[in-house]
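This report goes through one protein model part by part. Please keep the structure open while reading.

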Amino acid sequence: MLIIILFLLILLFTIIEHQRKNNFHQAFFIFSLFSIVLLESIKFDSGMDFWNTYNHYQFFKLNDTRYRYEFLYKYLVFFFRNILNFSYPFFLFFYYSVIYGLYYFSLNKVTKYPISALLLLFACTVGLFGSNRQLLAIALGFFAYVYFLKDKKIFYLAFVLIATLFHYSAFLYVFLLFLDRRISDKIWMVTIVVFLLLNITGFNLKIFNFIIYNFAPEKISDIIRGYNTGFPEMQSNYYMFIIGIIRRSLPIFLMIRYKNFLQDKSYYQLLLNTLFFSLATYVFFFGKLEYMSSRVSIYFIIFEIILYVWLIPVMNKIYKKNYYLLFLILLASIEFVKYVFSGSSPFIPFKTLFFSF
């Protein structure tokens with residue numbers, strides 16, 4: 001229930017943010033960010049991957065081969081655990097303060113409605129609540145995308161490298177460098193159809209394994225080999241596949257539909273290409289590579305937030321803002337429910353150091 005209360009609180013602040021007489025939206029925004037950081041800090045046996053990260057921290061050894069954690073994460077743990085001798089909750093408080101500090105600057109840069117953006121962000125990342133390494137990698141990638149990709153590509157690459165040293169999968173952000181150009185919508189559609197055919201015929205798995213086993217670093221190929229062994233009989237739900245395609249196609253449709261209002265933004269073409277790339281990778285990885293789809297999707301879905309908050313002033317101009325806000329709240333609610341109430345939820349009740357609720 002605690003995580004539901006937090007979501008409802010951010011939702012309430014989102015509504016307040018759009019009231020004309022509201023002068024406290026930055027204070028509400030900071031309070032919301034702090035609340036998320038606090039909840040991540042005091043959790044115990046809740047969220048994703050808790051015991052692995054907890055035991056790794058509590059019994060940390062640099063030469064421990066049981067955990068295949070990345071270089072920077074290991075040395076950050078070493079610094080806080082072995083040098084500063086901080087407890088795990090204090091480590092988490094610092095760690096998530098960095099993550100949501102990055103979002104504070106990123107969301108304020110892309111929109112005048114940062115709480116609305118945070119509501120969508122929280123809803124689409126809550127399924128990773130507790131996934132320390134990947135959440136920081138995503139935050140670093142998002143920050144670099146917003147601040148550096150257009151004009152300071154060296155800085156962008158530096159941030160992507162740092163993100164990759166917290167979670168190897170963040171290397172995917174390198175591909176976004178090649179999307180900062182005009183790419184025809186027809187080319188994207190052909191690409192998606194080709195990826196769909198590769199998926200149907202099973203060649204996507206062969207191509208992916210060939211690239212990974214022959215060109216990727218040994219650590220990466222070992223991880224992928226483990227996934228291939230661990231999920232050999234993964235069953236695909238093609239109804240969910242269709243829903244996933246619709247869900248990723250919607251922001252593309254909205255971006256093209258309201259092109260006349262948005263194309264003067266410097267990031268317009270880059271963001272449109274990013275959303276097409278998100279859809280294409282989803283089509284390529286779904287099915288036998290579904291374990292990759294689930295890990296890859298969040299790296300690109302998060303950029304949909306930029307489009308959705310860009311459209312708020314557009315809808316205000318055409319007198320549809322209230323309907324649009326209802327749509328955003330519904331979208332965030334569906335995403336939140338999907339992650340929090342799916343299967344054996346690690347969030348309900350939410351367990352903390354002090355109580356469970």
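## An exposed tyrosine

Y319 is exposed, because its relative accessible area is 75% and anything over 50% counts as exposed. This residue sits in the loop between helix 16 (304-317) and helix 17 (321-340). The backbone at Y319 has a phi near 60 degrees, which is a positive value in a residue other than glycine.

## The model as a whole

The structure is a predicted model. The mean pLDDT of the chain is 88, with 89% of its residues at 70 or more. Among the elements of the chain, helix 5 has the highest mean pLDDT (97), and helix 11 (residues 218-230) has the lowest (63). Where pLDDT is low, the predicted coordinates should not be read in detail.

The chain holds 17 helices and zero strands. Of its 357 residues, 52% are buried. Its accessible surface comes to about 17,900 Å², and carbon and sulfur atoms account for 68% of that area. Among contacts between residues at least 6 apart in sequence, 75% join residues at least 24 apart.

## Helix 14

Helix 14 covers residues 268-285, which makes 18 residues. From its first C-alpha to its last it reaches 26 Å, close to the 26 Å expected at 1.5 Å a residue. How many of the residues of helix 14 are buried? The count is 18 of 18, so the helix is mostly covered in the sense that each residue falls under the 20% limit for buried. Helix 14 is followed by G287, and the phi of this glycine is positive, near 105 degrees.

With a relative accessibility of 57%, F90 counts as exposed.

S131 gives a contrasting case. Is S131 buried or exposed? Its relative accessible area is 15%, so S131 is buried. The residue is found in the loop between helix 6 (114-125) and helix 7 (132-147). Leaving aside residues up to four places away in sequence, S131 touches M48 and Y96.

D45 lies in the loop between helix 2 (25-42) and helix 3 (50-58). Although D45 is not a glycine, its phi is positive, at about 60 degrees. The residue is partly exposed, with a relative accessible area of 32%.

Side chains of opposite charge can pair when their charged atoms come close. Which residue forms a salt bridge with D45? The partner is K351, and the closest N and O atoms are 3.3 Å apart.

## Other salt bridges

The structure holds eight salt bridges. One of them joins the side chains of E70 and R133, with 2.9 Å from N to O. This pair links distant parts of the chain: E70 is in the loop between helix 3 and helix 4 (71-83), R133 is in helix 7, and the two are 63 residues apart. E70 counts as buried because its relative accessibility is 2%. R133 counts as buried too, with a value of 14%.

A salt bridge also forms between the side chains of K153 and D180, at 3.1 Å from N to O. K153 lies in helix 8 (residues 153-164) and D180 in the loop between helix 8 and helix 9 (185-201), so this pair ties together parts that are 27 residues apart in sequence. K153 counts as partly exposed, with a relative accessibility of 32%. Elsewhere, R247, E304, E335 and K338 are linked in a network of salt bridges.

Note on methods: Residues are numbered from 1 along each chain as its sequence is written. This is a predicted model: local features need pLDDT of at least 70, side-chain atom pairs count only at pLDDT 80 or more; totals for chains, interfaces and linings use all residues. Side-chain values use heavy atoms; hydrogens and water are left out. Helices (H or I, at least four residues) and strands (E, at least two) are DSSP runs, numbered from the N terminus. The expected span of a helix is 1.5 Å times one less than its number of residues. Buried means under 20% relative accessible area, exposed over 50%, partly exposed in between (1.4 Å probe, protein chains only). Contact means heavy atoms within 4.5 Å. pLDDT is the predictor's confidence in each residue, from 0 to 100. A salt bridge is a side-chain nitrogen of Lys or Arg within 4 Å of a carboxyl oxygen of Asp or Glu. Accessible areas come from the Shrake-Rupley method with a 1.4 Å probe; for residues, only the protein chains shown count as cover.
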